[in-house]
Amino acid sequence: MKFKLTITVLILVVTIFTGSVWAAGVKPLVIDIEAQPGSKEEFKLKITPSGKEEKVKFSLYQPVQLTNGSLTYQKADPNSFSAAQWVKLSKQEIRAYPGRKTTVSGVVEVPFDAAGSNTVVLMVEPQAPAKK
C-alpha cells in the first residue's frame with residue numbers, strides 16, 4: 001500500500017511599515033512524496049535571498065478547512081496532526097547570503113500505520129532584520 005504526502009512550501013513575505021520587503025526565493029514550491037509505510041524519503045529546499053543577507057525561519061503548519069469552505073493554515077500541533085511528526089528538517093533557521101543558494105535538507109519518516117494522503121505545509125518566513 002502506498003502512502004502519499006504533499007509538502008506545500010509557502011513563503012510569508014514580511015512587509016515593514018517603511019516599505020521594505022524581505023522575500024527569499026524557494027525551490028521547489030511543492031514536494032510530492034509517494035512512500036511505503038515504514039520508509040524514509042529525503043527532500044531538499046534551495047533558498048535564495050532577495051539581494052541582501054536574510055535570516056529565514058522554517059515552521060510546519062497544517063491546512064484547516066473553515067466552515068465557510070475556505071482554507072487557512074495554523075501552526076502544526078503534533079498531538080492532533082500526526083503528519084507533522086513525520087517531517088524533520090536539518091535546520092529550523094538559516095542565514096541566507098546574496099549570490100549564494102543555501103540548501104536545507106529534510107526527511108519524511110512514514111510510520112508503519114500510515115495510510116491515505118496527507119498534506120503538511122512548510123512555511124518559509126524571512127525575518128525582518130533587528131533594528132539598530
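## Exercises on strands and sheets

Strand β6 (residues 40-48) and strand β11 (residues 102-109) run antiparallel and are joined by 8 bridges. The model is predicted: local features need pLDDT of at least 70, side-chain atom pairs count only at pLDDT 80 or more, and totals for chains, interfaces and linings use all residues. Residues are numbered from 1 along each chain as its sequence is written, and side-chain values use heavy atoms, with hydrogens and water left out.

**Exercise 1.** Which residue in β11 stands opposite L45, and what is the order of the open sheet of 4 strands?

*Solution.*
Step 1. Two strands pair if DSSP finds at least two bridges between them.
Step 2. Opposite L45 is V104 in β11.
Step 3. The open sheet has 4 strands in the order β4-β6-β11-β9, and the pairing is antiparallel.
Step 4. β4 (25-27) and β9 (87-89) are the edge strands; each has a single partner strand, so one side of each lacks a neighbour in the sheet.
Step 5. From one strand to the next, the twist averages 25 degrees (axes are lines fitted to C-alpha atoms, for helices over the stretch in contact, and angles run from 0 to 180 degrees between N-to-C directions).

**Exercise 2.** Find the strands that β7 is joined to, including β10, β12 and β8.

*Solution.*
Step 1. Strand β7 (residues 54-65) is joined by 4 bridges to strand β10 (residues 93-96), and the two run antiparallel. Here V56 stands opposite I94.
Step 2. Between β7 and strand β12 (residues 117-127) there are 7 bridges, again antiparallel. Y61 faces V121 as its opposite residue in β12.
Step 3. Strand β8 (residues 71-75) pairs with β7 over 5 bridges in the antiparallel sense. Q62 stands opposite Q74 in β8.
Step 4. The hairpin of β7 and β8 has 5 residues between the strands, and G69 in this hairpin takes a positive phi near 95 degrees.

**Exercise 3.** How many helices and strands does the protein chain have, and what percentage of its residues count as buried?

*Solution.*
Step 1. Helices (H or I, at least four residues) and strands (E, at least two) are DSSP runs, numbered from the N terminus.
Step 2. The chain has 1 helix and 12 strands, in the pattern β-β-β-β-β-β-β-β-α-β-β-β-β along the sequence.
Step 3. Buried means under 20% relative accessible area, exposed over 50%, partly exposed in between (1.4 Å probe, protein chains only). Of the 132 residues, 36% count as buried.
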